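Good morning, and thank you for joining. I would ask you to bring up the sequence and the structure, and I shall then walk through some of the packing.

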Amino acid sequence: MPELPEVETVRAGLVQFLVGQKILSAESTWEKSFPNDPKLVRDKVVEATVLSVDRRGKAIIIPLSSSYSLLIHLKMTGQLVYKPNQGQGFGGGHPTDSLIHSLPDTSTRVIITLTNGTLFFNDQRKFGYVKLEKTAGLYERNLFLRKLGPEPLEENYTFEQFKTAVQKHNKTTIKAAILDQTVVAGVGNIYADEGLFAAKIHPATKVSQVSTVKLHRLFDVLREVMQLSIKLGGSSDRNYVDAKGKKGSYLKFAKVFRREGKECPVCGSEITKIRVAGRGTHVCPKCQKIKK
DNA sequence: CACTTGACCTGTCCGC
DNA sequence: TGCGGACAGGTCAAGT
């Protein structure tokens, strides 16, 4: 479930550990997790230096000195965890509840060793990937990256942009529209449900039935909710961890997500779980009225 | 073209 | 205790 705030938290952690380090080796135990020509890996990954750690939507991009980049998608269960070598500890010490003490484990798919430590790509369900791509023109060329909509937290992102993009999907539900990565990059199931609750919009409402006022409210709260989550280190539903192998705490603040059967914090009604856009969807039936 | 559904995978949970 | 099946949810391919 890594969504934008989780991926951003991972990125922010990795950037301080990896930049400037040289890669010594890159190996995988599951081919689809690392679908790259071994010769190209030898030529463009081994001996290359990490230049930066970037993010676009839910993807992480690591440009290397070889003019190639690692393009990483965590999908649902991916983790990127950095384990320093003996004597190269994290500033501030190792978190005692960190996953690094048991790495590698059964879900480890890719192992990248660097001069001062090791980067583990873990992925229980094997949906994610670490792909080697040419850096030049990557964002315009890559089939996934090129289709992504705007970054929701960028300063120049406007309501007009959001409105125009959402309303192109007039026939579908508002939840399906905001989950569409071409509309806005980075929203997933957690923040879709939380945002729609905060904006008091039922997720199954057709886009054409959402008023401009409510849409504006949704635009604002989606950004607030993701901003807050980044501050709290992301959500930890199941197996999300940051670059140090630590869980995030945002879910403690979630008002509807995974709270079915519990009380709505606003009106006290029972939160229900339904299916919208093929996903488990959490709603307060009183705060979020259906309008068809 | 817009939209929906199934596939990709594995681990967990629930009912019998 | 074991077992089948539903479910988790990001993205792509195939179907309507």
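I begin with helix H6, whose buried residues pack against H1, helix H5 (174-179), H7 and strand S10 (279-283). Helices (H or I, at least four residues) and strands (E, at least two) are DSSP runs, numbered from the N terminus. Buried denotes under 20% relative accessible area, exposed over 50%, and partly exposed in between (1.4 Å probe, protein chains only).

A word on conventions. This is a predicted model, in which local features need pLDDT of at least 70 and side-chain atom pairs count only at pLDDT 80 or more, while totals for chains, interfaces and linings use all residues. Residues are numbered from 1 along each chain as its sequence is written, chains are lettered from A and ligands numbered from 1 in the order in which they are written, and side-chain values use heavy atoms, with hydrogens and water left out.

How many of the 10 residues of H6 are buried? Nine are, so the helix is largely enclosed by the rest of the structure. Among them are Asn189, Tyr191, Asp193 and Phe197. Just after H6, Lys200 adopts a positive phi of about 55 degrees.

Next, the partner helix. The axes of H6 (residues 189-198) and H7 (residues 212-231) come within 8 Å and cross at roughly 130 degrees; axes are lines fitted to C-alpha atoms, for helices over the stretch in contact, with angles from 0 to 180 degrees between N-to-C directions. H6 is therefore oblique to H7 (under 35 degrees is roughly parallel, over 145 roughly antiparallel, 65 to 115 roughly perpendicular, and the rest oblique). On the H6 side, the contact (heavy atoms within 4.5 Å) involves residues including Tyr191 and Leu196, and on the H7 side residues including Leu218 and Met226.

I turn now to the aromatic residues. The structure holds four aromatic pairs, where rings of Phe, Tyr and Trp (its six-membered ring) pair if their centres lie within 6.5 Å, and planes under 30 degrees apart count as stacked, over 60 as edge-to-face and the rest as tilted. The Tyr157 and Phe219 rings have centres 5.4 Å apart and planes at 50 degrees, so this pair is tilted. Because Tyr157 lies in the loop between helix H3 (138-141) and helix H4 (159-167) and Phe219 in helix H7, the pair ties together parts 62 residues apart in sequence. Both Tyr157 and Phe219 are buried. Finally, Tyr157, Phe159, Phe162 and Phe219 form one aromatic cluster.
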